[in-house]
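Start with the place where the two chains meet.

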Amino acid sequence: MSDSLFDVRGVTFSYDGVPALGGIDLSILRGERVALLGANGSGKSTFLRLLDGLDFAQSGTIDFDGRTLTPGQLDDSSFAHDFRRRVGLVFQNPDVQLFNATVFDELAFGPLQIGWSSDEIRTRIDAVMESLDIARLAARPPHRLSMGEKKRVAIASVLVIHPEVLLLDEPTAALDPRSQSEIINLLSGWSGGTRTAVTATHDLSIVEDIADRCVVFESGRVAAVGTPREIVQNEELLHRTGLLHAHRHRHESGVVHSHPHLHRHGDHHH
Amino acid sequence: MTAAVIHRGFVEKTLTSLLHALERASSSERLAEQRGLLQHVDARVKLLGCLALIVAAAVSRHLDTLTLLFAAIAILALVSRVPLHLLTRAWAIIFVFTAAIALPALFTTPGQSIATVAGIPVTLQGLRSAAFLVDRVESATTLGLVLISTTPWPQIIAALRSLRVPAAVVLIIGMTYRYIFVLLRSAEEMFIARRSRSIGRLEGAVRRRMATATAGVLLGKALALSDEVYLAMQARGFRGEVRTLEELRMRGRDWTAGALFTAAAIVAFWQGLR
């Protein structure tokens, strides 16, 4: 069995003639945690959708476990069943993902599509709700949840099927620091070396916690690949790809100066 | 210092009112979680019971039966802790609208004249027809209010599923309720954003043009959202077939409530059609 789970070769994609991806080549290994870094509009979300078989490459190919993702392939019931069972996508906007009447129904949706038994579904939902500390929300409708709760439920709705691959689109966006920290703890403990995680983000402060390898996107192309440390230390690359901004700080001495923002807020720096 | 006056157009006011109405629907969800007579009865029993009583009210040929039925429904609402102010407001609004529709019947229905208004005779038969209409609508609406005030929306959805209403229909109803909050909130934010960048009062034509443009943008957002939601469903294995998890179970008190609803409906039918 090849170690490569996703093989992406020369993939291009455009929206109504506007290029979003311009020739991506990338392999994602089994059990690997990959962060897709890039500024807004760099193609990260589109790439995730292609990996999840929701959109399809206009040229080039994406192979999942040796089989090319095409509309025809995803129309095949047995492949679609296997693929949806193994790959889960958490959307950036939880309002898109939470379309059921209650949190419980939301968590039951994926397992029902896969065809699990009622008892199996209930057992699995109970376990996931407990692990994400959302059991108290089971009967609540999604519109009565806070943004942090919605994000947790959105993640739970995918984790409930116990996927082999987790694709996450900006999982910490629009969250308060505490909710961000909870999500990062959840993601950093999720893979355990056996499952694959691909996370699209532009938050440099979380990549070392959630990724073993970073892929930097720039205008729909791969600008760099490296370890989180290599990437966050490459100031020129980060400036060029819009991932770095000058950050004004007032020190205790009263001195105010600007410098690139590479670290987490609260870290000691000079 | 001059007082700031905020002018809001008709469309904006309507959308804001709708949003507030939906937020009140959220508060009725909280009401449904309280301890009242009907709150702990199975949603299917309430749904079918209310439906049977609505039909009984609709077919009743006797005003006294209808009035007794309305009184019984009002008592049921009160012991189920539906707030009196909510009931009286609903009754008043319904009375105004239904009376407006029933008004011509007072003068146009042939029969025994009992009074004269502006030289036009009001007939006893016309008054009875108007009373029938108002009574039926008040009874039916109160039952609907009792149902939604004592049953969380997800349970109504589950009851519809359980009663074999087509799964696709139930899914559409559930998603409509889910996303109408999102879209109305979005519309309200668009109006607020526009107001924050407007100076002075805009002319009516300009306001109407902007409202039309906003409606167009909102439609575009709704379409984009529907595409996204469909993708999210596909991503979790949805392939066009709606599958659901049966979760409602009838308990002793549900059977008792079902029997009482059935008895009430039989008496209402019997008395109404005698």
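Chain A and chain B bury about 3,000 Å² between them, 55% of it on carbon and sulfur atoms. Buried area here is the accessible area (1.4 Å probe) that two parts lose on being put together, summed over both. This is a predicted model: local features need pLDDT of at least 70, side-chain atom pairs count only at pLDDT 80 or more, and totals for chains, interfaces and linings use all residues. Residues are numbered from 1 along each chain as its sequence is written, chains are lettered from A and ligands numbered from 1 in the order in which they are written, and side-chain values use heavy atoms, with hydrogens and water left out.

The contact (heavy atoms within 4.5 Å) draws 36 residues from chain A and 31 residues from chain B. Three salt bridges cross the interface of chain A and chain B. A salt bridge is a side-chain nitrogen of Lys or Arg within 4 Å of a carboxyl oxygen of Asp or Glu. One of them pairs Arg49(A) with Glu228(B) at 2.4 Å, N to O. It runs from helix α8 (residues 204-235) of chain B to helix α1 (residues 44-51) of chain A. Helices (H or I, at least four residues) and strands (E, at least two) are DSSP runs, numbered from the N terminus. Arg49(A) is buried, with a relative accessible area of 16%. Glu228(B) is partly exposed, at 24%. Buried means under 20% relative accessible area, exposed over 50%, and partly exposed in between (1.4 Å probe, protein chains only).

Other salt bridges stay within one chain. Arg178(A) and Glu182(A) meet at 3.5 Å, N to O. Both lie in helix α8 (residues 177-188) of chain A, four residues apart, about one turn of the helix. Arg178(A) is exposed at 65%, while Glu182(A) is partly exposed at 30%. In chain B, Asp254(B) and Arg251(B) meet at 3.1 Å, N to O. Asp254(B) counts as buried, at 0% relative accessibility.

Now look inside chain A. Which residues of α3(A) are buried? They are Phe79(A), Ala80(A), Phe83(A), Arg84(A) and Arg86(A). Seen down the axis of α3(A), they fall within an arc of 165 degrees, so they line one face of the helix. The arc is that of the directions from the helix axis to the C-beta atoms.

Thr201(A) sits in strand β8 (residues 196-201) of chain A. Thr201(A) is buried, with a relative accessible area of 0%. Its side chain reaches the backbone nitrogen of Asp203(A) at 2.9 Å.

Key. A polar contact is a pair of N or O atoms within 3.5 Å; within protein, one must be able to donate a hydrogen and the other to accept it, and residues adjacent in sequence count only if both atoms are side-chain atoms.
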